[in-house]
Structure formats: structure tokens, C-alpha cells
Amino acid sequence: MITIKKYAAIDIGSNAMRMLISNIVEQQGKETQFNKSALIRVPIRLGQDAFTVGEISEENIDRMVDAMKAFKLLMKVYRIEKYKACATSAMREAFNGKEVADYIYQQSDIKIDIIDGKNEAAIIASTDLHSFIKTDQAYLYVDVGGGSTEFSLFNDGKMIASKSFKNGTVRLLNDMVNEIVWTEIEKWIKEKTTDLENVILIGSGGNINKIFKMSGKSQEQPLTYLYLNAQYQYLNSLTYEQRIAELGLNTDRADVIIPATKIYLNAMKWSGATKIYVPKIGLSDGIIKAMYQEII
């Protein structure tokens, strides 16, 4: 006898909006399964508004409303019984972020929670990492977004530190991350990992997922620092148009993939990690798990 619950998580990021639909399979005497049923991604780059002019534009507000109405209809079709929508750095930094969230609620009947960096890191950390995290190993979990990057450090199977930094792909594209931020990240990573041996990175985010897919590796295999660095150099050698035409990258992926790779490479260098696992999990997965555990 099994029970199937259908949950949806909406992640309103700085580079894109995503809705994850998940089937939660409960079976007596067995571990609960979280199976992805669908993932819908809408490339609305809110960070371009929030980080450069400080507010979400009328055009993007209209696009967000349309996207949310579409999400609402899809949830009805999929017969979703529970959902949560969370917005991250772009919405929390735009001075009209709360006003936009209220307007979207009026237009689409979807309530948006604007979460801070600490909550974002905590939700991401609640994702199911047990198959990757071994109790005798140290891991640095790195989730790179458009506006911020969340770092969570695990040792002996437990999270021992987490931190969110205002360093993301859209900010980097707009030259909005100064050397002080990079120095703070380097200092934090080195201080937290100094007594740990053989740290392994776990990477999440659309860009590292794309690089991993391009590698052709199976899910349980890691990427090495040397491979990731070689990919970084290769991507840098191509023009934006070449990345789209020759590599088949989406137009909103072909630019941000380079600054994202730089963040992962620096995190590996500063932690001494030589390999990175890419389990294809992120904020939306964390929202599903946190809803199920009734944490949020």
C-alpha cells in the first residue's frame, strides 16, 4: 500500500523563475521517495532590475504575473495539494519587492515569501544529501544563484556552518561584486575548512548542472578541478553567440555560465577540494522537503 502526495515549489530567483512538481511516495517500512514530476523554468532576469536600478520594472512585473497565473493553472492540472513560493535576493533587494509580491498575490492568488540569505541556505541544506554525505568526510555545499551564493559546510554528517554572500552571476555580469566580497568569501572558506582534510565540493544551480550534463558523466561521478577549469577556459574562449549556436546553451544561460564557474572554481581552490559532485538539487528541492517535514 503506497500513498502519493503531490507538492509544488516555486523558486523566484535573480536569473529565472522555476516551478518544481514532485510526487512524494510513502510506503510503510520504506524510506519516503521524492520524485520529480516536472520542472518549468521561465527566464525572467529580475536581478537585472533589482541590482542595477533597485526596483522590479513594470514589464517584468507583468511577465511575473503571467508566469504565476500559468503556474497556478498547471498546479490545478497536476492536482497539487500543497505548494510554496519563495523569492530570493532580487526580490528582497528591490525596494518594491514586497509591493510586487502583494500585487502578484492579488492577480494570481499565489502568496510569495521573500526569504533572507540565512533561510535560503537553511532550506537548501534540508535537501536530501545523505547519498553524497558520508560521516567520515567533509563537504562544502555551494549553491550559486543570480544574486547570491549560499555556502554550507558539513562534517561528520552534520552541517557545522553556513553563510550567504552577495556574489551571484547577474551581479558579476554587471560588475557589482568588488574584491572585498571575494576576499570575505575566501577568508570564510579558509577559516571554516582549515582543520578539515580532503574537503569535497557539492555544487547546485543551473549552471553547474549544465556543465555536468555536457561532461557526459554518470550522476555518481564527480567533476575534477582540472576538468572544470578546462571548461571555464573553453567557455571563455567562445563568444556569447558561439555558446548558443555551438553548445546549444539557452540565451539566458550562455552569459551567466562563465561567472558561475568562476565561483565554483574559487570555492574549490580556497577549500582545497579537487572534485565536485553535482546531485541536481537546489532551493526548489529544499522547499519540497521542508514542506513535507513541516519546517516551513
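This is a chat about the fold of a predicted model.

Me: How many helices and strands does the protein chain have?
Reply: There are twelve helices and eleven strands in this predicted model.

Me: Okay, what order do the strands take in the open sheet?
Reply: The five strands run β3-β2-β1-β4-β5, and the pairing is mixed. β3 (33-42) and β5 (112-114) are the edge strands, each pairing on one side only. From one strand to the next, the twist averages 25°.

Me: And how many bridges join β4 to β5?
Reply: Three, with β4 (residues 82-87) and β5 running parallel. Isoleucine 112 in β5 is the bridge partner of alanine 85.

Me: Which strands does helix α2 touch?
Reply: Helix α2 (residues 58-78) packs on the sheet and touches β1 (2-12), β2 (17-27), β3, β4 and β5. Its direction makes about 20° with that of β2.

Me: What about α12, which strands does that helix touch?
Reply: Helix α12 (residues 283-292) also packs on the sheet, touching β1, β2, β3 and β4. The angle between its direction and that of β1 is about 135°.

Me: Switching topic: what's the radius of gyration of the protein chain?
Reply: It's 19 Å, which agrees with a compact globule of 296 residues, since that would come out near 19 Å. The C-alpha trace spans about 55 × 50 × 35 Å along its principal axes.

Me: What share of the residues is buried?
Reply: Buried residues make up 52% of the 296.

Technical notes
Residues are numbered from 1 along each chain as its sequence is written. This is a predicted model: local features need pLDDT of at least 70, side-chain atom pairs count only at pLDDT 80 or more; totals for chains, interfaces and linings use all residues. Side-chain values use heavy atoms; hydrogens and water are left out. Two strands pair if DSSP finds at least two bridges between them. Helices (H or I, at least four residues) and strands (E, at least two) are DSSP runs, numbered from the N terminus. Axes are lines fitted to C-alpha atoms, for helices over the stretch in contact, and angles run from 0 to 180 degrees between N-to-C directions. Contact means heavy atoms within 4.5 Å. The radius of gyration is taken over C-alpha atoms; the globule rule is 2.2 Å times the number of residues to the power 0.38. Buried means under 20% relative accessible area, exposed over 50%, partly exposed in between (1.4 Å probe, protein chains only).
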